[in-house]
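Good morning, colleagues. Please look at the sequence and the model on the screen, and I shall then take you through them part by part.

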Amino acid sequence: MKKQYSINEIAQILNISTNKLRFYEKKGLINPVRDDTNNYRYYTEENLVKIQTILMYRTLNLTIKDIQNLMKNCTKNNTINHFYNQWEVINDEMQRMRLIKTCLEETMDLIYESDEYNFLNSIIKSVKKLNDIQKIKNNWKDRWNFDSWAKTYDESIKENKGKLKIYKNYEKILDEVFKKAIENTKNDMKLLEIGVGTGNLAKRFLEKGYNIIGVDQSREMLNIAKEKFPKLKLRLGEFLKLPFENNAFDCIVSSYALHHLNDEEKKIAIKEMLRVLKLDGKIIIGDLMFENKKNKKEILDSFTQEQIVEVEDEYYSNIDFLKEEFKKHGKKINYTRIDQLNYVVKFY
Ligand SMILES: C[S@@+](CC[C@H](N)C(=O)[O-])C[C@H]1O[C@@H](n2cnc3c(N)ncnc32)[C@H](O)[C@@H]1O
């Protein structure tokens, strides 16, 4: 006969209260058998395993509603989706806390430096800055819908679709990013790729045994990358909210991704990259750029209206702007022009 447990036994085994067990039952998460004669609850081994799973999900801070959904539809896909959602919530909260901590530190310094009559002003200024940054971080949206593009992305690169033929030197650009990243470095360096997409750049590092982790804001892109390269470590994340600790990487690489952020967002992305980069680390970015405003004007003047519309749908960087921003943080720049619109830039 199968072993059965009373509510007190289960509570004791799992070190939880009987009220908690009744609560999970009320929410439909578990359904112990009732004894016909005395109406006592009895739990099977399967119930025990189920409760352990619920407790594990609660440890990960999943809501009761999420757990209900997970229990109903316990597929790999559904589980990873719930975990991704949770990961996003936690990462957002950590980002928010980090910002508040920095704001408090900066404000305390300012208060020390202000006199008795001006210190409130310092607080107002700092808090406004904090709110502005939060707003930018939270407002970035994928208006290109990369999730829907993921399955056909590799094909469309080969076909080099679009009026600007921006992918004509795709392989060359990725090779150049790889070359600059591994120059004068050790094999055990820790690498981060942002906007990893379907993993074509990461593949180069993976094949040579480098320790690389890829981040992308598109779950579908991550799914394709994982299908292609099961050993590639991947995380859901954004340029503006990198899900990593301070000073974690020796090198950050990225290709064809930064141009999805406008200048204000780029300023924050640069700070965020430098936060997770070691102090002597480097960043290599292969992307669509203009050298400066003059060069941009000359190129746009030579373009058809359709080509201009394509450029203006995104935010090609201005190398002069990137240079200034990185300079503020003590980083130098060198770059290689690949073609009229594509550059590989190194910040070190
Ligand atoms: C044009 S694809 C390039 C993919 C890959 N790096 C390559 O070179 O083939 C742009 C990728 O950047 C990702 N991306 C765009 N904006 C991002 C952001 N703010 N944070 C993280 N990833 C982003 C997209 O989801 C997409 O996978």
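Between domain 1 and domain 2, the buried area is about 610 Å², and carbon and sulfur atoms give 59% of that area. Please bear in mind that this is a predicted model.

What does domain 1 present on the side that touches domain 2? By class, that side has 4 nonpolar, 2 polar and 1 charged residues. Helix α4, residues 64–72, gives the most to this side of domain 1, with 3 residues.

How many salt bridges and polar contacts are there between domain 1 and domain 2? The count of salt bridges between the two domains is 0. For polar contact, the count between them is 4 residue pairs, with both residues at pLDDT 80 or more.

The domain assignment gives domain 1 as residues 5–72, domain 2 as residues 76–139 and domain 3 as residues 146–347. The contact between domain 1 and domain 2 takes 7 residues from domain 1 and 5 residues from domain 2. The C-alpha centres of domain 1 and domain 2 lie 38 Å apart.

I turn next to salt bridges in the structure as a whole. The structure holds 24 salt bridges. One of them joins the side chains of R41 and E25, with an N to O distance of 2.6 Å. R41 lies in strand β3, residues 41–43, and E25 lies in helix α2, residues 18–26, so this pair ties together parts that are 16 residues apart in sequence.

Finally, I come to the ligand. Which residues come nearest to the ligand? There are 21 residues around it, and of these Y170, G195, D216, Q217 and S255 come nearest.

In G195, a polar backbone atom is 2.7 Å from a nitrogen atom of the ligand. In D216, a polar side-chain atom lies 2.5 Å from an oxygen atom of the ligand. In F239, a backbone N or O atom lies 3.0 Å from a nitrogen atom of the ligand.

Thank you for your attention.

Conventions. Residues are numbered from 1 along each chain as its sequence is written. This is a predicted model: local features need pLDDT of at least 70, side-chain atom pairs count only at pLDDT 80 or more; totals for chains, interfaces and linings use all residues. Side-chain values use heavy atoms; hydrogens and water are left out. Domain bounds come from an automatic or database domain assignment. Contact means heavy atoms within 4.5 Å. Buried area is the accessible area (1.4 Å probe) that two parts lose on being put together, summed over both. A salt bridge is a side-chain nitrogen of Lys or Arg within 4 Å of a carboxyl oxygen of Asp or Glu. A polar contact is a pair of N or O atoms within 3.5 Å; within protein, one must be able to donate a hydrogen and the other to accept it, and residues adjacent in sequence count only if both atoms are side-chain atoms. Helices (H or I, at least four residues) and strands (E, at least two) are DSSP runs, numbered from the N terminus. Ala, Val, Leu, Ile, Met, Phe, Trp, Tyr, Cys and Pro count as nonpolar, Asp, Glu, Lys and Arg as charged, and the others, Gly among them, as polar. A residue is near a molecule or strand if one of its heavy atoms lies within 4 Å of it.
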